[in-house]
Amino acid sequence: MSSTITPESRYLRALAQRISTPYVRLPTAQAAMLFGSAAEGLSDRYSDIDMAIYYVALPPEEALTLARQQNGGSERLWLLGDPPNGSFIEAYAVKGVECQIVHTTVADWEQNIDTVLRELDVETPLQKALEGVLQGIPLYGAALIERWKATVTAYPDALAQKMVEHYLRFAPLWLLEERIAGRDATLWRTQMFVESGHHLLAVLAGLNRVYFSAFQFKRMEHFAARLALKPSNFAARLDGCFTQEPRAAISELTLLITETVSLVEQHMPTVDTSRIRARLQQQQTPWTMD
């Protein structure tokens with residue numbers, strides 16, 4: 001959590017506590033938690049409230065409608081998920097702030113935790129939710145939330161290795177530099193840059209035992225600051241790849257990949273890096289016409 005809390009974050013924390021009140025009074029409610037930028041202390045005047053309410057069983061629609069009305073909320077802005085299946089997200093506005101509220105059962109949420117920690121799903125956006133637990137602020141049911149925090153804090157070694165192995169693959173931009181340069185391929189090149197950037201972040205996340213999802217990924221500098229193992233000046237260099245001219249950007253991104261592979265070899269020697277090393281050494285030359 002940020003050591004410097006913005007005034008907007010303090011405002012949203014107080015608002016979230018008030019908004020949670022009618023929900024936690026429902027008979028099946030077990031816990032409520034604030035997560036996202038307000039919990040991390042990073043909010044600005046465009047930030048929303050991200051919170052979750054955990055139940056033994058989901059309340060009926062009538063109870064949720066009444067809670068929204070008691071909060072002075074607008075009509076629903078959107079709804080995502082299927083309430084009969086154990087969880088969904090609704091959004092509505094309170095005092096101009098969009099409030100995104102996850103409604104889920106304890107059983108469904110704990111199954112989500114298992115999806116990451118036991119089933120080792122390295123592609124699921126649920127990793128973002130687990131990171132949210134670590135940064136989250138209990139609004140109700142602190143004992144249950146602290147139990148989840150303890151579980152999620154124990155990042156499994158098997159998950160770390162699978163993250164590194166799964167994402168240690170990159171589009172060979174170093175082979176395509178000349179080919180791309182003359183082919184009006186800005187969108188393709190940018191797509192490969194974004195994918196390579198996400199893979200670099202995922203490999204470093206696994207190496208550092210930090211949860212990562214590319215889903216709505218923001219605040220890279222803040223995220224990178226939490227990584228003890230990373231190439232020097234990592235966030236600025238990766239950001240620079242999207243503003244430099246293409247050849248310089250490809251060269252920098254290739255160097256970042258190479259340095260990250262070296263970190264894997266040093267700190268996770270059980271991972272086989274021979275394939276990516278061989279790939280990095282490949283060169284391509286144009287064919288000639290006799």
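## Exercises on a predicted model

Leu 77, Trp 78 and Leu 80 together make up a nonpolar surface patch with about 280 Å² of accessible area. Patches consist of residues with over 30% relative accessible area and no salt bridge, where like charges are joined within 9 Å and nonpolar side chains (Val, Leu, Ile, Met, Phe, Trp, Tyr) within 5 Å. Accessible areas come from the Shrake-Rupley method with a 1.4 Å probe, and for residues only the protein chains shown count as cover.

The model is predicted: local features need pLDDT of at least 70, side-chain atom pairs count only at pLDDT 80 or more, and totals for chains, interfaces and linings use all residues. Residues are numbered from 1 along each chain as its sequence is written, and side-chain values use heavy atoms, with hydrogens and water left out.

### Exercise 1. Overall description

Task: State how many helices and strands the protein has, and which percentage of its residues count as buried.

Solution. 

Step 1. The protein has 13 helices and six strands. Helices (H or I, at least four residues) and strands (E, at least two) are DSSP runs, numbered from the N terminus.

Step 2. Of the 290 residues, 47% count as buried. Buried means under 20% relative accessible area, exposed over 50%, and partly exposed in between (1.4 Å probe, protein chains only).

Step 3. Along the principal axes, the C-alpha atoms fill a box of roughly 80 × 40 × 40 Å. The protein exposes about 15,000 Å², of which carbon and sulfur atoms supply 53%.

Step 4. Among contacts between residues at least 6 apart in sequence, 63% join residues at least 24 apart. Contact means heavy atoms within 4.5 Å.

### Exercise 2. The patch tryptophan

Task: Determine where Trp 78 lies and how accessible Trp 78 is.

Solution. 

Step 1. Strand β3 (residues 78-82) contains Trp 78.

Step 2. The relative accessible area of Trp 78 is 31%, so this residue is partly exposed.

### Exercise 3. Helix α5 and Trp 109

Task: Identify the buried residues of helix α5, then list what Trp 109 contacts.

Solution. 

Step 1. In helix α5 (residues 126-135), the buried residues include Gln 127, Leu 130, Glu 131, Gly 132, Val 133 and Gln 135.

Step 2. The elements covering the buried residues of α5 include β1 (29-35), α2 (37-40), α4 (106-117), β6 (137-140), α6 (142-153) and α7 (157-167).

Step 3. Trp 109 belongs to helix α4 and, at 7% relative accessibility, counts as buried.

Step 4. Leaving aside neighbours within four places in sequence, Trp 109 is in contact with Tyr 54, Thr 104, Ala 129, Leu 130, Val 133 and Trp 148.

### Exercise 4. Salt bridges

Task: State how many salt bridges a search of the whole structure finds, and examine the pairs of Arg 45, Glu 131 and Glu 259.

Solution. 

Step 1. Side chains of opposite charge can pair when their charged atoms come close. A salt bridge is a side-chain nitrogen of Lys or Arg within 4 Å of a carboxyl oxygen of Asp or Glu. The search finds twelve salt bridges.

Step 2. Arg 45 pairs with Glu 8, their closest N and O atoms being 3.3 Å apart. Arg 45 lies in the loop between α2 and β2 (49-55) and Glu 8 in helix α1 (residues 7-24), so the pair ties together parts that are 37 residues apart in sequence. Arg 45 counts as exposed, at 73% relative accessibility.

Step 3. For Glu 131 and Arg 226, the closest N and O atoms of the salt bridge are 2.6 Å apart. This pair links distant parts of the chain, 95 residues apart: Glu 131 is in helix α5, and Arg 226 is in the loop between α10 (220-224) and α11 (234-240). Glu 131 counts as buried at 10% relative accessibility, whereas Arg 226 counts as partly exposed at 34%.

Step 4. Glu 259 and Arg 237 meet in a salt bridge (3.0 Å, N to O). Glu 259 in helix α12 (residues 246-267) and Arg 237 in helix α11 are 22 residues apart. Glu 259 is partly exposed at 24% relative accessibility, and Arg 237 is buried at 12%.
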